[in-house]
Amino acid sequence: MSDRYYGEVYFPEWAVKYVLGLKDGSGLELSPDSKTYCFEEDEARDGVPWVCDVFDKLGIPYDCASAEYYEYRGETKYLRFRKGGKLDELVVTDGDELVEARDILNMISEGKSLSDVKAWCQKTLDQIAPLTPPLEQISEADYLAWVKEKAWVFQKSVQELREGRREAVGDPYVLPDSGLDVGTVTIDGLSGLLVTRPVVMGRAVTGEMLDQAESRFRSDECRFFRMGSSYGPVGAFVPFRVDKKSIANLTITATDWLEVMTGNRKEAV
């Protein structure tokens, strides 16, 4: 049996510019208030339109609904960005909003009061309530402010997509291979030292880990990114224009952080 069936996704109107060719294709419809788009796909893998993968990588908010299909119950996934460069997602399966009468009867038989039953029902429903704010209230300025909390390479990827200088998102944490090698390099107009470390087998260096590393060294303008591909080594760039700190000491500190992050050294207890 095929695992492809109908799915639709709603997202803010401004987000369409971040996905090349989406506006020129079929299945896209603008809402009457011109604030959100709906994209439909009849043969979406697992009922999830392909564009959701792009939004997941970029942190663009959306509401995605899949149809019920044989043994697959319909689902709605909500994605929202949060403070600190975080993402929040919630998946609600169709029917979860229904409270089983048996559960209520059991509570009554246990001597629970009406207020207890009401509170339990409300808590159950609150756990599956759609994430806020609504899509139409999320502006591109809100999104770009959130992007500024992310690692430099992520910001660079988003900016290039927004300006049409990049065709596909790929991995927003990858610095494309441009012939850089360890040692003294120039990145984005800044001169400094580049240190790289391979990722130990079985170790996953997530985007959130790169965000955290860069946040730790933000005042020193250090940058952390994947080199060449999602499976390549991780690099740390230490610029020469650093005030009040020895470039040698800062490089050692950033390298220590890099080695722990990639699994090449255990974190000190």
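Glu 89 and Lys 77 are joined through their side chains by a salt bridge, with an N to O distance of 3.5 Å; the term stands for a side-chain nitrogen of Lys or Arg within 4 Å of a carboxyl oxygen of Asp or Glu. Glu 89 belongs to strand S6 (residues 86-93) and Lys 77 to strand S5 (residues 75-82), so the pair ties together parts that are 12 residues apart in sequence. Helices (H or I, at least four residues) and strands (E, at least two) are DSSP runs, numbered from the N terminus. Lys 77 is buried at 19% relative accessibility, whereas Glu 89, at 48%, is partly exposed. Here buried means under 20% relative accessible area, exposed over 50%, and partly exposed in between, with a 1.4 Å probe and protein chains only.

The model is predicted: local features need pLDDT of at least 70, side-chain atom pairs count only at pLDDT 80 or more, and totals for chains, interfaces and linings use all residues. Residues are numbered from 1 along each chain as its sequence is written, and side-chain values use heavy atoms, with hydrogens and water left out.

The salt-bridge rule gives a count of 19. One of these pairs is Lys 17 with Glu 140, whose closest N and O atoms are 3.1 Å apart. Glu 140 is buried, at 14% relative accessible area, while Lys 17 is partly exposed at 37%.

Asp 256 and Arg 265 form another salt bridge, at 3.4 Å from N to O. Asp 256 is partly exposed at 31%, and Arg 265 is partly exposed at 34%. Salt bridges also link Lys 156, Glu 160, Glu 163, Arg 165 and Arg 166 into a network.

Glu 140 leads on to the helix contact. The axes of H4 and helix H5 (residues 152-162) come within 10 Å and cross at roughly 150°; axes are lines fitted to C-alpha atoms, for helices over the stretch in contact, and angles run from 0 to 180 degrees between N-to-C directions. On the H4 side, Glu 140, Tyr 143, Leu 144, Trp 146 and Val 147 meet Phe 154, Gln 155, Val 158 and Arg 162 of H5, where contact means heavy atoms within 4.5 Å. By class, this contact has six nonpolar, one polar and two charged residues. Ala, Val, Leu, Ile, Met, Phe, Trp, Tyr, Cys and Pro count as nonpolar, Asp, Glu, Lys and Arg as charged, and the others, Gly among them, as polar.
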